[in-house]
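Colleague: Please put the model up, and then I will go through some points with you.

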Amino acid sequence: MAEKRKTNLSRVPMLKQEAEVRKRNFYEVALGYTEEQAIEEANRCLQCKKPLCKTGCPVNVDIPEFIEALREHDMPEAVRILKSKNSLPGVCGRVCPQETQCEIRCLLDKKGAPVAIGRLERYVADWEQAHPEVMGKQKNRVKSNGKRVAVVGSGPAGLTCAADLAKRGFEVTIFEALHVAGGVLMYGIPEFRLPKNVVQAEVDYVKSLGVEIKLNHVIGKIATPDELLGNGFGTVFLAPGAGAPMFLNIPGENLSNIYSANEFLTRTNLMKAYLFPEYDTPIKVGGRVAVIGGGNVAMDASRCALRLGAGEVYVIYRRSRIEMPARAEERENAEEEGVLFRILTNPKRFLGGEQGRVKALECCDMDLGEPDESGRRRPIPKPGTDFIIDIDVAIVALGTRPNPIIPTATEGLELTRWGTIKTDEATGRTSKERIWCGGDMATGAATVISAMGAGRRAAADIYAYLQGKS
Amino acid sequence: MYRILFREDLTPDIHLFKVEAPQIARKAQPGQFVIVRSEERGERIPLTMADWDEKEGSVTIVFMEVGTTTRKLALLNAGDSILDFVGPLGRPTEIGRFGTVVCVAGGVGVAPMFPVARALKARGNRIISILGARSQELLFWEDYLRSVSHELTVTTDDGSYGRKGVVTEPLKELLETVEVNRVIAIGPAIMMKFCSLTTKPFNVKTVVSLNPIMVDGTGMCGCCRVLVGGETKFACVDGPDFDGHEVDWDLLMNRQHSYLDEEKESLELWEIKISGR
């Protein structure tokens with residue numbers, strides 16, 4: 001008789017590069033599971049009859065099913081199950097905040113640690129990439145139904161919407177403004193957290209479904225959404241992404257060597273400035289770097305700065321650690337690598353030195369008062385606590401506001417008071433007939449997976465709409 | 001890939017490409033720019049369009065060899081391709097019926113000035129152009145600019161051609177003698193700065209086309225931010241045209257020079273590579 005095994009309440013740890021080593025290279029930090037580790041972790045899954053994990057996933061991945069296939073060693077089946085709901089599993093396995101979505105709902109969470117769903121997802125996705133001979137034979141493309149859909153932006157929302165519609169026979173064209181597809185997955189999230197070959201493999205998968213991607217096409221400039229509708233596209237899905245960086249609006253902010261996080265990350269990730277001068281795009285990092293903000297982007301920027309050779313990197317945040325929006329894991333990674341946190345610190349002005357370059361940042365201490373409209377305690381300056389930090393580079397990571405290009409080029413598109421495009425959350429519909437929207441342009445800055453969820457919902461609604469038109 | 005249909009060397013270091021980009025040609029307007037990346041390891045640089053031809057499906061760019069990127073571009077010939085060519089970006093120049101417009105073009109700035117002056121002339125304005133260069137060898141398109149101007153003055157710093165001196169001298173004389181309704185200045189930042197200083201006492205609206213460093217060129221990175229009337233603007237989406245009297249010129253020039261050391265390092269490495277070929 002088989003021995004009844006007790007469920008291990010701790011998850012199988014995943015190896016990481018040592019902090020001392022990784023803080024000087026751009027290779028991936030988390031090394032992924034081996035087969036043995038993946039199976040061991042998969043065996044912890046209770047295979048609930050009514051799995052709650054699934055309900056936490058914005059794209060409804062069949063989590064217990066793919067885990068079951070994995071532990072049965074049926075990898076092609078695990079891949080198939082995963083990809084039927086998620087076209088970007090290698091991305092999601094790495095950057096989704098599972099701890100607030102699927103894993104937090106896992107029954108084991110209350111007993112010990114939840115099943116490491118994200119790590120298993122990554123394992124399955126990586127297995128597929130490592131076994132093209134097994135997976136390559138699959139025919140991904142379905143027969144065209146002759147209907148054309150335009151998708152603006154090839155980030156997570158755009159890719160998901162495009163893939164979903166292509167799987168249903170639509171002829172989808174994605175218009176991407178930059179010179180590579182992937183949006184924030186390429187320009188924003190650094191290589192050491194999300195290798196670019198993983199992103200490109202998933203972009204290739206979306207293309208294999210029959211999706212055409214036109215690079216270097218800035219919609220609103222080379223063609224307006226209305227012109228797309230007039231050129232044979234039945235509908236347009238707008239997913240142009242986060243848009244324009246916000247600044248602090250304090251004196252000295254335009255001094256040289258002060259970057260928005262978008263610029264700093266774009267130079268580093270998209271333009272590969274970390275390989276300068278082999279690549280032509282330069283970046284300034286040396287001495288002391290101040291990163292202003294407390295979100296995931298601030299963590300990414302500070303960790304990039306270390307890897308680019310900064311001496312000291314400070315994260316300057318005006319509230320306390322508890323209010324920091326960054327994922328705990330990313331904060332820990334940054335701290336392990338030596339990023340220094342200056343919490344309850346508010347920047348007041350930048351001071352310039354030679355040739356208009358930033359040389360110092362004047363700050364003051366903060367106290368926390370009553371909660372504000374975000375529910376977080378409001379930071380209040382402490383009088384008489386001004387002090388100066390000498391810096392050589394500053395990176396402002398305060399989030400983004402909507403990019404004006406598409407709204408100004410599209411008549412009749414209603415906007416919210418934040419300048420985002422007014423969008424019905426359930427369907428992605430905008431105020432304008434035949435135009436849908438999703439991702440950061442609809443919601444303001446959010447996560448990869450929530451953008452993917454919006455792409456999925458819009459695809460379902462576009463499908464229903466265009467079917468009705470047949 | 002974007003094929004180069006035609007190449008012309010306007011001076012030994014200034015080159016013209018006609019690039020196959022029919023969709024951009026269809027939408028292009030005076031004052032707009034394209035972002036160019038010549039090859040996989042290249043930078044993205046903005047170049048204001050010098051002309052376009054909807055029928056031919058081409059966009060014309062003119063550039064001077066100054067750094068690695070433009071040196072790499074200059075190695076390309078007709079039949080070769082540019083990897084990335086994005087546009088038309090930025091807001092078009094305002095083409096109104098102003099009356100008398102003085103168009104001041106400095107150096108390579110004559111190329112983007114040509115379509116602006118042409119459109120303004122077609123709109124019924126009286127166009128008085130001033131074309132300036134350091135010396136005769138660096139002058140080009142005098143005939144083009146003349147063809148879209150009612151009057152044209154050429155200046156060279158060294159007096160090797162036209163009037164000896166800088167563009168602000170004839171500009172000042174015009175402001176003193178003629179009723180000028182608008183000035184447009186396109187050229188190096190320092191020239192646009194001094195044109196703006198020259199027109200300021202006369203209170204004549206002066207439009208300048210700013211040329212800060214850019215990365216994406218679509219409002220995403222904020223690298224091109226400039227201070228105009230005390231407000232931060234992004235040249236790529238809010239400009240590149242701004243009121244010259246409101247621009248913080250010293251800030252612009254400081255930011256333009258942010259990477260001088262890196263540009264030198266990059267160019268030295270490129271020269272070693274090229275000499276080894």
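This is a predicted model: local features need pLDDT of at least 70, side-chain atom pairs count only at pLDDT 80 or more; totals for chains, interfaces and linings use all residues.

Colleague: In which helix of chain A does Arg331(A) lie?

Modeller: Residues are numbered from 1 along each chain as its sequence is written, chains are lettered from A and ligands numbered from 1 in the order in which they are written, and side-chain values use heavy atoms, with hydrogens and water left out. Helices (H or I, at least four residues) and strands (E, at least two) are DSSP runs, numbered from the N terminus. Arg331(A) belongs to residues 328–337 of chain A, which form helix 15.

Colleague: What separates the C-alpha atoms of Arg331(A) and Glu77(A)?

Modeller: Along the chain, Arg331(A) and Glu77(A) are 254 residues apart. Their C-alpha atoms are separated by 35 Å.

Colleague: Which residues is Arg331(A) in contact with, leaving aside its neighbours within four places in sequence?

Modeller: Contact means heavy atoms within 4.5 Å. On that rule, the partners of Arg331(A) are Met299(A), Arg321(A), Met324(A), Ala326(A) and Phe341(A).

Colleague: Where is confidence lowest in chain A?

Modeller: Chain A averages a pLDDT of 92, and 98% of the residues score at least 70. Confidence is highest in strand 3 (residues 212–214) of chain A, at 98. The lowest mean, 78, belongs to residues 132–135 of chain A, helix 8.

Colleague: What area is buried between chain B and chain A?

Modeller: In contact across the interface are 48 residues of chain B and 45 residues of chain A. Buried area is the accessible area (1.4 Å probe) that two parts lose on being put together, summed over both. Carbon and sulfur atoms give 51% of a total of about 3,900 Å².

Colleague: How far apart are the closest N and O atoms of Glu227(A) and Lys27(B)?

Modeller: A salt bridge is a side-chain nitrogen of Lys or Arg within 4 Å of a carboxyl oxygen of Asp or Glu. The rule finds four across the interface of chain B and chain A. Glu227(A) and Lys27(B) form a salt bridge, with a closest N and O separation of 2.7 Å.

Colleague: Which residue of strand 7 of chain B is the bridge partner of Arg3(B)?

Modeller: Two strands pair if DSSP finds at least two bridges between them. Strand 1 (residues 2–9) and strand 7 of chain B pair in the antiparallel sense over two bridges. In strand 7 of chain B, the partner of Arg3(B) is Ser81(B).

Terms used
pLDDT is the predictor's confidence in each residue, from 0 to 100.
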